[in-house]
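Here is a short briefing on one model. It covers the ligand site, a helix beside that site, the salt bridges and a surface patch.

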Amino acid sequence: MIAITNLRKHYGKKEVLKGISLEFEPGNVYGVVGKNGAGKTTLFNCIAGLDRYGGDISSPYDELKNHLGFLETNPQFMSLITGREYLKLYCIARGIKDEDFDSRNIFALPLGEYATSYSTGMKKKLALMAVLLQKNEVFILDEPFNGVDIQSNIMISAIIDELRRRGKTVIISSHIFSTLSDTCDKIFLMKDGVISKRATKEQYAALEAEMMNDIVGGEVERLML
Ligand code: ADP
């Protein structure tokens with residue numbers, strides 16, 4: 001289990017994470033939903049060990065980052081590196097040799113071409129493939145459905161289901177509630193650096209209604225259409 005206790009993060013004087021406590025169990029898929037700026041990416045960066053923080057993040061692993069695959073919202077690639085070379089780099093980082101990338105290329109990516117020439121959706125699928133091939137135990141997928149076509153969305157949902165079946169811990173974020181409600185066992189609503197709601201499946205409808213009210217409220221009426 002990954003246990004986060006009283007996680008705090010400041011950028012200058014601004015407190016972005018205000019004492020977050022959460023637990024993530026293997027074989028479960030967790031959703032983190034919240035408006036832009038709520039602190040989702042900062043939370044993920046802290047779990048992935050990419051940022052310094054206050055509080056505690058514990059896990060059963062010697063070093064969590066060595067068992068964790070992090071799909072960033074907008075994956076970045078070095079210039080002059082092909083898709084195949086990128087996958088190879090990720091595998092070498094985990095000591096995995098001789099992968100047959102072509103037979104596992106389920107998104108039909110042009111692996112011989114430079115990754116920087118890929119479309120936004122292709123870049124996301126390549127980055128996802130890389131963390132999957134690493135056989136990580138924990139996956140953080142920041143907006144995995146954003147910018148990819150509907151077929152790939154369905155494929156990514158199926159991959160997440162398979163990861164759950166294999167006992168992996170999966171944490172995904174989205175600002176679109178419906179993409180999470182189909183996939184997740186538990187959803188955390190993040191607001192201004194705190195977890196303001198924790199919902200299990202039977203509470204999703206109420207959470208979604210609350211979010212809608214929060215976003216729309218009486219605002220549309222102000223347009224006087
Ligand atoms: P989300 O992923 O939910 O959209 P972020 O975690 O990206 O939210 O951002 C949370 C808050 O932290 C925002 O107010 C954002 O402006 C601020 N922030 C994020 N990264 C930095 C940074 N490197 N320096 C200063 N402020 C940052």
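A polar contact is a pair of N or O atoms within 3.5 Å; within protein, one must be able to donate a hydrogen and the other to accept it, and residues adjacent in sequence count only if both atoms are side-chain atoms. An oxygen atom of the ligand lies 3.2 Å from a polar backbone atom of Ala38. The model is predicted: local features need pLDDT of at least 70, side-chain atom pairs count only at pLDDT 80 or more, and totals for chains, interfaces and linings use all residues. Residues are numbered from 1 along each chain as its sequence is written, and side-chain values use heavy atoms, with hydrogens and water left out.

**Ligand site**

- For Thr42, the distance from a side-chain N or O atom to a ligand oxygen is 2.6 Å.
- Taken alone, the ligand exposes 570 Å², and the protein buries 59% of that. Accessible areas come from the Shrake-Rupley method with a 1.4 Å probe; for residues, only the protein chains shown count as cover.
- β2 (14-24) and α1 (40-47) are the elements that give two or more residues to the shell around the ligand. Helices (H or I, at least four residues) and strands (E, at least two) are DSSP runs, numbered from the N terminus.
- The largest share of the shell, three residues, comes from α1.
- Residues around the ligand include Tyr11, Lys14, Val16, Lys35 and Asn36. A residue counts as near a molecule or strand if one of its heavy atoms lies within 4 Å of it.
- The shell divides into three nonpolar, five polar and three charged residues. Here Ala, Val, Leu, Ile, Met, Phe, Trp, Tyr, Cys and Pro count as nonpolar, Asp, Glu, Lys and Arg as charged, and the others, Gly among them, as polar.

**Helix α1**

- α1 is mostly covered, with seven of its eight residues buried. Buried means under 20% relative accessible area, exposed over 50%, and partly exposed in between (1.4 Å probe, protein chains only).
- Among the buried residues of α1 are Lys40 and Thr42.
- Gly49 follows α1 and has a positive phi, near 75°.

**Salt bridges**

- The count comes to twelve salt bridges, each a side-chain nitrogen of Lys or Arg within 4 Å of a carboxyl oxygen of Asp or Glu.
- Lys9 pairs with Asp51 in a salt bridge, the closest N and O atoms being 3.2 Å apart. Lys9 lies in strand β1 (residues 2-11) and Asp51 in the loop between α1 and β4 (54-58), so the pair ties together parts 42 residues apart in sequence.
- Lys9 counts as buried, at 9% relative accessibility.
- Glu162 forms a salt bridge with Arg165, with the closest N and O atoms 3.0 Å apart. Both sit in helix α4 (residues 150-165), three residues apart, and are separated by about one helical turn.
- Glu162 also meets Arg166 in a salt bridge (2.8 Å, N to O).
- Glu162 is partly exposed at 30%, while Arg165 counts as exposed at 62%.
- Arg166 counts as exposed at 59% relative accessibility.

**Surface patch**

- Val220, Leu223 and Leu225 form a nonpolar surface patch with about 370 Å² of accessible area together. Patches are made of residues with over 30% relative accessible area and no salt bridge: like charges are joined within 9 Å, nonpolar side chains (Val, Leu, Ile, Met, Phe, Trp, Tyr) within 5 Å.
- Leu223 lies in the segment after α6 (204-216) and counts as exposed at 58% relative accessibility.
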